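Colleague: I am new to this structure and would be grateful for a guided introduction. May I put some questions to you in turn?

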Amino acid sequence: RGGYRWPPWTGDEDYRWKILQEGFMAKILMNKIVWALFNFGFISLYQNLLLLLIATPSIIANLVATSCGGDGELTSSSSPLNIYDYVATFMILALVVIESIADNQQYAFQTEKYRRRNVGEKLEGDYADGFNQAGLYSVVRKPNYAAEQAIWICFYLFSIGAVQGERFFNWSISGCILLCLLFQGSAWFTETISLTTYPVYKEYMKTTPLFVPANPFRQSKKAKAR
């Protein structure tokens, strides 16, 4: 939040970076030199490279369209839209909505939790547990993470559509694969923190899947009891 308020920068840093820097997962990161190298290698280089890779299906589509055009000019007939393009477009739009709902549900929950805590109101239900277990969070534990990964998997479909479905795999798939692997590690790290912060989080993990719903119409046992 506030990442573009500069100068001076007044945004909020992801709380996990400070925990990581304090040696929560690896004591070696407490060393200033090691932390600087980690910042440069993982945050500055790798994550920016990953942002480029997840966008590469558009490069495939552009290359195919340009080569089909013959004269180097893009035309409506260079690479006509097909079922892959329509499915990808619909799915991405739907997933953006889902991710927005998940983020807003989490924001509303955290805002209300801290409001109650600051005014001295008694915390009950999920507020007493400390984490959201309602709405999309009763279906999977990380609905916003799940939607973000699915968005870029669907974006890969544009590269398949560019070749009219003749090949289902090309080098641009590396972006969404690496992104999903990053989210696996990120979710594991986040939940490790949650397990040390919220005593009942372990029970929540037993009843609610991480990314993929066991049944999209199923609610957690706790949600049903309300």
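Predicted model: local features only at pLDDT ≥ 70, side-chain atom pairs only at ≥ 80, totals over all residues.

Colleague: Is Glu-22 buried, partly exposed or exposed?

Modeller: The relative accessibility of Glu-22 is 45%. Buried requires under 20% and exposed over 50%. Because its value falls between these limits, Glu-22 counts as partly exposed.

Colleague: How many salt bridges are there in the whole structure?

Modeller: Side chains of opposite charge can pair when their charged atoms come close. A search of the whole structure gives a total of 7.

Colleague: Which residues are linked with Arg-116 in a network of salt bridges?

Modeller: Arg-116 pairs with Glu-112, their closest N and O atoms being 2.8 Å apart. Both lie in helix α4 (residues 83-119), 4 residues apart, about one turn of the helix. A salt bridge also joins Arg-115 to Glu-121, with 3.2 Å between the closest N and O atoms. The network links Arg-116 with Glu-112, Arg-115 and Glu-121.

Colleague: Are Arg-115 and Glu-121 buried or exposed, or do they fall in between?

Modeller: Arg-115 has a relative accessibility of 35%, and Glu-121 has a relative accessible area of 36%.

Colleague: What is the make-up of the protein chain in helices and strands?

Modeller: Along the sequence, the chain follows the pattern α-α-α-α-α-α-α-α-α. Of its 226 residues, 34% count as buried. The chain has 9 helices and 0 strands.

Colleague: How are helices α6 and α7 oriented to one another?

Modeller: Two packed helices are described by the angle between their axes and the distance between the axes. Helix α6 (residues 143-162) and helix α7 (residues 173-197) pack at about 175°, with their axes 9 Å apart. Because an angle over 145 degrees counts as roughly antiparallel, α6 is, relative to α7, roughly antiparallel.

Colleague: How many nonpolar residues does the contact of α6 with α7 have?

Modeller: On the α6 side, the contact includes Tyr-145, Trp-152 and Ile-153, and on the α7 side it includes Leu-179, Phe-183 and Ala-187. By class, 3 of the contact residues are polar and 1 is charged. The number of nonpolar residues is 10.

Colleague: Which residues are in contact with Phe-211, leaving aside its neighbours within four places in sequence?

Modeller: Phe-211 belongs to the largest nonpolar core, together with Tyr-145, Ala-146, Phe-183 and Ala-187 among others. With those neighbours left aside, the residues in contact with Phe-211 are Val-140, Lys-142, Tyr-145, Ala-146, Gln-149, Phe-183, Gln-184 and Ala-187.

Notes
Residues numbered from 1 in each chain as written. Heavy atoms only, no water. Salt bridge = Lys/Arg side-chain N within 4 Å of Asp/Glu carboxyl O. Buried < 20%, exposed > 50% of the residue type's maximum accessible area, 1.4 Å probe, protein only. Helix = DSSP H or I, 4+ residues; strand = E, 2+ residues; numbered from the N terminus. Axes fitted to C-alpha atoms, helices over the stretch in contact; angles between N-to-C directions. Parallel < 35°, antiparallel > 145°, perpendicular 65-115°, else oblique. Contact = heavy atoms within 4.5 Å. Nonpolar A, V, L, I, M, F, W, Y, C, P; charged D, E, K, R; others polar. Core = buried A, V, L, I, M, F, W, Y, C linked by side-chain atoms within 4.5 Å.
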